[in-house]
Amino acid sequence: MRNSLAIFTIGLLSACSPTTDPISGEAAPASTVENFEASGWISQTLPEQAAALQAGEITSEALTQAYLDRIEAVDRNGPTLRAVLTINPNALADARTADAARDAGEPLGLLHGVPILLKDNIESKDNMPTTAGALALKDNVTGRDSPLVEGLRREGAIILGKTNLSQWANFRSTSSMSGWSALGGQVKNPHILDRNPCGSSSGSGAAMAASLAAGTVGTETNGSIICPSNVNGIVGFKPTVGLVSQDLIVPISSTQDTAGPMTKTVTGAAMMLTAMASGDARIDYVAALDQTALEGARIGVLRYSLNNNADINAAFENALEDMAAAGAILVDVENHDPGIEGIGRKGFHVLKYEFKATLNTYLATLPTSVPITSLAELIEFNNDHADVELVLFDQDIFEQSDAYGDLTDEAYQTALADILRASRENGIDRLMADHEVDILVSPSGVLAPRIDPVNGDVWPSWAGAGSMAARAGYPHATVPMGSVHGLPIGLSFIGGKDQDARVLSFAFSYEQATRHRIDPLYIADSNTRPELAAALERYPSDD
């Protein structure tokens, strides 16, 4: 693994992150409470840090302590992002062990000594509960490493702690608020603090953007890696379902759930995926990255997935021009009829069937310190603790799911077959084959709306094709493609089954040609941005 890292120089890996405002080119707006910009090694990318650790330029203990200090300054205080739910009490000791191994000349892994944050629905054997943000699981300390955490440790990663999330991975209520959990409160978007961090991997996205760890792990069922990566301005990668083991992760769906890396650069994501991936045939995703991947590639352009936001559409057109300048051949892909009605409704049915089955199986394995053993008991627990759990929104998805039958029901099997056919052979596979393209591209989502505890999530008309990739279980990467009034927007790369290395390589080629990632400015709200305030604060007498 060390040879792969050596291929990339520090200059190539650095993400261009301006210290000035990306719109005005001037210093941060006065609405920034104070300068919370990361500095030193914690401002660097995961590959840069890994190289410095291996070269002995910094110790893992010093890097881990620096992140702990930054979490205290930015997450617990300052802008109070609430992105980190739990700190691993063993983190510093594990970092010292990593340093001792390096000093002793022992073989080093790809992530040796690098601090990583896990979404708090992923089990680790450390003395930390796995809660999904829920009061019912606050004492869920299992002493088990999920396979993906075993992989991270095998490559030398330090588990720094657990990130906050949309409770139960945003599968509790149809009127939920992204980024809120009963145990962690509301995650804030570090770019503009009153803006939605998206979910369910909201804490992982905000923590990565705010430089609270070298890398973070998110999970996705339908958009929960891609959306928070999009609105927090980072790289996110949703692998082919099954590439990363689902074991010992609080589940929703056996057919759509997957964990994936969230990082500042595509190279960092490739390094983490190399460690996290299951199976005997280990793939080196770093070595597979090709800066020239776009040259001569046929790019399927999903213009039909655009919404009516002129700024997003302009950023997407600029991204297409950048890819064409890098040698790509752009091919317009027309909207298509998958031949199946009610895809959204059927897809929701599938998730509710699978949620009941998989959650009941998971809960049955938990220690006696957890007061629930089934979805039915969880619903009752939440009703009994409504003053904590049900203040902001209800649990209608839980209640609907519990009323469903088991996975032998014909209704489930029919709906699942329809969804897979619509998203795979009549969806991504067909689009790529009919247009003879190597990859599909679209916007990754929309610009983050305000956090709204009264109405719950209020999102604009969607942009992008992430749901098709999620339902298909196919790989999907998002890379920053610009920003609008300080809010990031990403570009999506979607490929076919098991084309993870190819998707990452195209994303890497675009990233290296453009370098659009920006560091957050921790602005209180959009209204105080100079280019907006002048219009918002105008009086008739000004004329």
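**Figure 1. Helix α10 and its buried residues.** The buried residues of α10 are Val266, Thr267, Gly268, Ala269, Ala270, Met271, Met272, Leu273, Thr274, Ala275 and Met276. Buried means under 20% relative accessible area, exposed means over 50%, and partly exposed lies in between (1.4 Å probe, protein chains only). Helix α10 spans residues 266-276, and eleven of its eleven residues are buried, so the helix is largely enclosed by the rest of the structure. Helices (H or I, at least four residues) and strands (E, at least two) are DSSP runs, numbered from the N terminus. The model is predicted: local features need pLDDT of at least 70, side-chain atom pairs count only at pLDDT 80 or more, and totals for chains, interfaces and linings use all residues. Residues are numbered from 1 along each chain as its sequence is written, and side-chain values use heavy atoms, with hydrogens and water left out.

Figure 2. Eleven strands form an open sheet with mixed pairing. Their order is β1-β3-β2-β6-β8-β7-β12-β13-β11-β9-β10. Two strands pair if DSSP finds at least two bridges between them. β1 (84-87) and β10 (329-332) stand at the edges. Each has a single partner strand, so one side of each is left without a neighbour in the sheet. From one strand to the next, the twist averages 30 degrees. Axes here are lines fitted to C-alpha atoms, for helices over the stretch in contact; angles run from 0 to 180 degrees between N-to-C directions.

Figure 3. Strand β3 covers residues 158-163 and pairs with β1 in the antiparallel sense. Three bridges join these two strands. Ile87 stands opposite Gly161 in β3. Helix α6 lies across β2, β3, β6 (215-220) and β8 (258-263). Contact means heavy atoms within 4.5 Å. α6 runs at about 175 degrees to β2.

**Figure 4. The disulfide of Cys198 and Cys227.** A search of the whole structure finds one disulfide. The term means a pair of cysteine sulfur atoms within 2.5 Å. Here Cys198 is joined to Cys227, with 1.8 Å from S to S. The torsion about the S-S bond is about 105 degrees, so the disulfide is right-handed. The pair links distant parts of the chain, 29 residues apart. Cys198 sits in the loop between β5 (185-186) and α8 (202-209), and Cys227 in helix α9 (residues 226-232). Cys198 is buried at a relative accessible area of 4%. Cys227 is buried too, at 6%.

**Figure 5. Backbone details: a cis peptide bond and two alanines.** Gly199 and Ser200 are joined by a cis peptide bond, with omega about 10 degrees. Ser200 is found in the loop between β5 and α8. Ala132 has a positive phi of about 55 degrees, although it is not a glycine. Ala132 lies in the loop between β2 (115-119) and α6 (147-154). With a relative accessible area of 1%, Ala132 is buried. Ala169 also has a positive phi of about 55 degrees without being a glycine. Ala169 belongs to helix α7 (residues 167-170). At 12% relative accessibility, Ala169 counts as buried.

Figure 6. Side chains of opposite charge can pair when their charged atoms come close. A salt bridge is a side-chain nitrogen of Lys or Arg within 4 Å of a carboxyl oxygen of Asp or Glu. By this rule the count comes to 18. Arg172 forms one with Glu389, their closest N and O atoms being 3.1 Å apart. Arg172 is in the loop between α7 and β4 (180-181), and Glu389 in helix α14 (residues 386-389). The two are 217 residues apart, and both are buried. Arg450 and Asp194 also meet in a salt bridge, 3.1 Å from N to O. Arg450 lies in the loop between β11 (439-443) and α17 (466-472), and Asp194 in the loop between β5 and α8, so the pair ties together parts that are 256 residues apart in sequence. Arg450 is partly exposed, at 37% relative accessibility.

Figure 7. Asp519 forms a salt bridge with Arg517. The closest N and O atoms of this pair are 2.9 Å apart. Asp519 and Arg517 are both buried. Elsewhere, salt bridges that share partners join Asp126, Asp145 and Arg153 into one network.
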